[in-house]
Amino acid sequence: MRAAAGILGAPMSRVEGRLKLTGSAAYPIDVVVSGQAYAVLVQSTVVCGRISAINTDMAARAPGVVTIVTHANTPAFPLGPTTPLGPSPLPPLQGAEVFHFGQHVAMVIAETLEQAQAAASSVAITYETAEPTLSLDEPSRATELHPWLPDQTRGDAATAFANAEVRLDERYITADNTHNPIGLFAIVAEWQGDTLIVHDTTQWPHGVRETLAGAFGIDPANVHVHTPYVGGAFGAGLRVWPHVILAALGAKLARRPVKLVLTRAQMFTSLGHRPMSVQRLRLGAARDGRLTAIEHEAKSPLSMAGEFFNPVAAGAAEAYNCAHVTTRDRQVRVNVSLPTWMRAPGHAEASFALESAVDEMAYRLGIDPLELRLRNHAAVHPHSGHPWSSNALLECYTVGAERFGWHARTPALRSMRDGRLLVGYGTARAALSAYQAPCTALATVRRDGSASIRSGATDIGAGTYTVITQLAAELLGLPPTRVHVGLGDSDMPKAPQQGGSGLTAALGNAVHGACLDVTRTMVDLVSRDEGSPLYGCTLQTVETTNGGLQRLGKPAEYESFAEILDRHGLDELTREGASKPPSSAAMAHAGSFGAQFIEVRVDPDLGTVRVHRVVSVVDGGRILNEKVARSQIVGGIVGGIGMALFEETVSVNGRPINTSLGDYVIPANADIPDIDVTFVGGPDPMTEVGAKGIGELALTGVAAAVANAVFHATGKRIRTLPLSLDKVMD
Amino acid sequence: MKAFEYQRAASPADSTAAVASYCNAMFFAGGTTLVDLMKIDVLTPDTLVDINSLALHEIEVTDDAIIAGANVSNSQLAWHPIVRERIPVLTQSILSGATTQIRNMATVAGNMLQRTRCTYFRDVHSACNRRVPHSGCDALGGFNRGAAVLGVSEHCIATHPSDMCVAAALLDAEVRTVRPDGSHRIIPLNEFHLLPINTPHLETVLDRGELITHVVFRTTPIARRSYYLKVRDRASYEFALASAAVAIQVDGDRILDARLAIGGVATKPWRCVDAERSLVGKAAGEKSFREAAEISLSDAVAQQHNAFKIELAKRTIVRAFAKITEGTA
């Protein structure tokens with residue numbers, strides 16, 4: 001089979017763009033169910049201890065209150081499912097213990113939101129406080145080795161480091177970051193007998209279904225999760241958080257639908273966050289610039305209760321062509337809320353440390369930082385020795401250097417100026433390892449000549465609706481306007497989270513399989529039908545075009561899908577496709593690669609750093625839609641600039657305190673310059689569609705490129721994020 | 001948010017009488033601070049008296065002043081052509097604050113009454129003498145990177161957040177009010193805000209039920225050459241870590257007269273009169289400006305996380321004067 005070319009890759013605008021711009025796309029927060037009551041969460045104001053008393057008398061008498069939920073009237077919930085990503089967060093209100101500030105301790109349900117808020121503020125809680133553990137240096141709280149992604153060892157890094165001609169041994173610190181999607185997380189839960197219907201902000205409708213079915217002991221088929229649109233998530237919706245169970249419990253106790261919307265402040269402690277990291281990097285190099293040793297150790301906080309696997313250092317093992325590498329990841333249990341994956345988890349933090357260290361090593365060696373990266377490029381997967389399934393990183397470097405004008409950089413520190421401002425150029429390698437999870441999808445062709453795709457995946461803003469429309473249109477030979485893509489519904493075929501930059505490949509390959517199966521079935525129907533102009537054809541001798549099948553090279557021998565279905569008395573034809581993570585004994589499954597080039601302007605007196613220019617070159621395999629792909633890269637770079645310069649969830653004695661968008665500083669428009677994005681490379685041969693994930697790649701390397709540029713501009717090496725003006729001031 | 005009564009005032013006298021007659025009533029104008037703080041239970045008025053319909057929406061231009069009605073929006077004032085021409089520092093200070101949307105809602109009088117952004121003031125679970133008298137101050141010893149270094153006391157280190165008020169301090173603005181008994185008064189802006197000292201909960205000299213009707217900005221000749229420089233982490237929509245409003249008159253490179261007020265570092269809009277005096281007769285250059293900056297911050301008191309603001313404020317002053325004398329402002 002051949003498919004008509006030209007639709008895939010085209011810079012098509014988002015198919016749901018008009019709905020979103022006109023406010024007609026219903027996000028979970030917009031859902032109103034007849035008779036719904038409103039839930040408001042009460043959260044712990046202490047960091048560690050136990051609840052000695054909860055007095056709800058006053059709240060219960062407040063106007064409009066329907067019911068109040070505390071640990072005293074919450075049933076025991078079983079633990080949630082363990083998935084390939086690890087165990088679920090612990091279920092809510094299972095005891096009087098308080099493990100972190102902002103832990104849910106009660107929920108008030110009332111007729112109106114205002115009544116619920118007023119009543120919630122009158123719930124009186126008495127705590128017995130205990131001394132919290134907050135230091136990462138507390139040895140008794142260090143956790144075991146990472147159970148599923150063991151530390152990496154190649155060669156003998158300690159000896160190689162000791163014998164290296166040039167050595168670097170530095171410590172880098174990244175900050176706690178909070179996802180802060182603009183859309184507040186919301187859920188509406190409604191019971192109809194034993195059937196539970198929820199509208200939930202999630203990246204994973206099937207995970208919500210499994211979790212709620214388990215929590216309430218009902219058949220997963222009786223849980224229906226709707227998430228057609230998500231107002232951003234960045235990883236905050238990858239797991240099923242306790243408030244989701246609470247909303248369903250509330251609806252059960254109140255015997256009516258319940259809506260729960262987290263407040264901005266609650267978003268900081270209820271949905272995970274990117275935990276800070278302390279990383280030690282030891283690099284050894286020969287004078288000619290060969291890296292001879294990499295030792296990367298990372299430590300990050302974990303909550304007292306609950307699990308979260310967070311390999312930070314592990315990626316160093318596949319970063320450079322270096323014979324001696326060790327990576328060590330450790331987590332320390334402290335009294336903070338449960339961390340989770342945030343866009344480019346681990347990779348973003350690790351790349352700050354590693355790519356800063358490589359830059360530092362370049363200065364020690366007197367070698368251009370870009371040249372040092374070229375010399376140590378891993379032409380094959382350095383750990384397995386297998387060839388990469390695809391890798392255009394060298395092209396990223398060279399194309400990026402050309403577009404950026406890297407050659408104009410004068411290497412001496414503080415050597416480039418623009419009036420009072422110091423100018424600096426910095427670069428960094430970007431990479432994100434391949435990840436793909438099993439996925440299924442249905443493809444349907446109807447007698448009216450239209451087609452639809454259905455899968456329980458979500459589009460959190462990445463452009464999934466659009467690229468899947470294009471993919472199906474191309475595979476079925478239909479105009480995109482005749483293809484409808486349905487996502488975000490747990491009644492649709494099972495799909496993984498939109499996360500790990502893995503969904504485009506997973507869902508794309510499932511859709512590929514489903515569309516191919518539809519086409520094959522159509523071919524079966526016509527090849528046995530003497531009345532068809534395509535009688536006797538095979539999958540190899542036809543192409544899909546104009547909404548039907550056509551014999552290759554013979555435009556007259558054509559029949560539309562509508563005619564085929566009509567003649568066979570079928571209203572529609574539906575087939576399921578499934579994809580699995582690819583594996584190969586001969587190739588290393590490559591993730592995406594990139595190179596970041598950043599120019600900063602630094603005011604040395606006032607310490608302000610402004611990013612003046614960004615050039616980002618990306619190998620994302622086959623790019624399904626250059627327009628939405630570019631948006632993904634731009635969004636990632638904006639996130640990277642935030643991580644580099646501004647973002648830090650500040651906690652004092654275990655308590656996050658800058659929990660508003662006025663106080664947690666993310667970039668404003670005025671902080672973002674022109675961002676030049678170029679795609680290089682080609683389809684990755686490991687999968688049918690050839691796409692590699694790009695949702696997170698662009699965030700990696702940005703913080704290091706900014707820090708490296710600031711060093712070039714000022715001579716100040718800042719190893720602690722964010723690079724706030726007080727650290728940069730001369 | 002707590003339940004509250006709402007009423008619309010028909011006249012200034014009506015509004016002052018209403019606010020004075022309830023035990024916990026507040027005027028409601030733009031609402032950009034008030035509603036925000038009501039949502040997080042920091043302010044819990046039992047009655048809001050809406051003054052938006054009062055005829056206080058005009059900007060009157062006289063020979064030596066711009067008289068802004070209390071209900072004039074921040075945007076309206078900032079973009080007024082005479083303001084831009086005669087007192088550019090006022091336009092610049094207003095436009096450096098908040099966002100277009102907030103400036104369109106926020107009023108001139110409301111800006112005079114803006115509340116601090118101190119984290120602990122905004123969190124009802126924290127101790128804050130400004131919010132609850134005698135409850136303590138969690139900012140001392142807490143996260144105080146943004147806290148004030150001037151005008152602080154052992155009871156409060158909250159920074160005054162307004163940019164407009166810094167320009168108003170520079171311009172010797174006056175606040176005109178009417179009291180519940182019908183009497184009027186004129187309060188110099190530099191006497192309008194109170195230092196926290198032992199009573200941080202008292203932020204201005206206004207009496208209960210006293211309504212701001214107008215704010216008067218003097219268009220003195222020196223104000224024509226004025227400039228506002230604001231320094232903060234990101235490029236927009238953030239409160240100042242340090243700011244400086246400056247105005248200068250020079251003859252050649254000799255300073256004839258100068259004005260200086262600073263923001264982001266003090267518990268009230270901070271006029272630096274001694275520094276101004278030090279500049280008169282000096283050469284307009286880095287050295288004089290630095291001396292003035294040193295004088296301005298000579299009483300600064302640092303906390304655990306905000307020591308950098310002292311040096312930052314000095315450099316901000318120097319830069320602001322340098323830019324205005326260079327003509328690059």
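At 0% relative accessibility, A:R373 counts as buried; buried means under 20% relative accessible area, exposed over 50%, and partly exposed in between (1.4 Å probe, protein chains only). This is a predicted model, in which local features need pLDDT of at least 70, side-chain atom pairs count only at pLDDT 80 or more, and totals for chains, interfaces and linings use all residues. Residues are numbered from 1 along each chain as its sequence is written, chains are lettered from A and ligands numbered from 1 in the order in which they are written, and side-chain values use heavy atoms, with hydrogens and water left out.

A:R373 forms a salt bridge with A:E355, with 2.6 Å between the closest N and O atoms. The term covers a side-chain nitrogen of Lys or Arg within 4 Å of a carboxyl oxygen of Asp or Glu. This pair links distant parts of the chain: A:R373 is in helix α9 (residues 369–375) of chain A and A:E355 in helix α8 (residues 347–365) of chain A, 18 residues apart. Helices (H or I, at least four residues) and strands (E, at least two) are DSSP runs, numbered from the N terminus. A:E355 is buried as well, at 1% relative accessibility.

The structure holds 62 salt bridges over all chains. Another one joins A:D418 and A:R601, at 2.6 Å from N to O. A:D418 belongs to strand β17 (residues 416–418) of chain A and A:R601 to strand β26 (residues 592–602) of chain A, so the pair ties together parts 183 residues apart in sequence. A:D418 is partly exposed at 39%, whereas A:R601 is buried at 16%. Salt bridges also link A:E170, A:D359, A:E360, A:R364, A:R717 and A:R719 in a network. A:R717 also lies over the face of A:F711, 4.1 Å from the ring centre. For a charge over a ring, NZ of Lys or CZ of Arg must be within 6 Å of the ring centre and within 35 degrees of the ring normal.

A:R613 does likewise: its charged end sits over the ring of A:F404, 4.1 Å from the centre. A:F404, A:W406, A:Y425 and A:F597 form one aromatic cluster. Rings of Phe, Tyr and Trp (its six-membered ring) pair if their centres lie within 6.5 Å; planes under 30 degrees apart count as stacked, over 60 as edge-to-face and the rest as tilted. Both A:F404 and A:Y425 are buried. Over all chains there are 15 aromatic pairs. A:Y27 and A:Y229 make a tilted one, with 6.0 Å between centres and 55 degrees between planes.

Now to the interface. Which chain A residues meet chain B? In chain A, 31 residues are in contact with 30 residues of chain B, contact being heavy atoms within 4.5 Å. The two chains bury about 2500 Å² between them, and carbon and sulfur atoms give 54% of that area. Buried area is the accessible area (1.4 Å probe) that two parts lose on being put together, summed over both. A:R420, A:L606 and A:L725 lose the most area on the chain A side, together 22% of what that side buries. Six salt bridges cross this interface. B:R319 forms a salt bridge with A:D603, the closest N and O atoms being 2.5 Å apart.

Two residues lie between the strands, and B:G252 in the turn has a positive phi of about 65 degrees.

Definitions and conventions. Two strands pair if DSSP finds at least two bridges between them.
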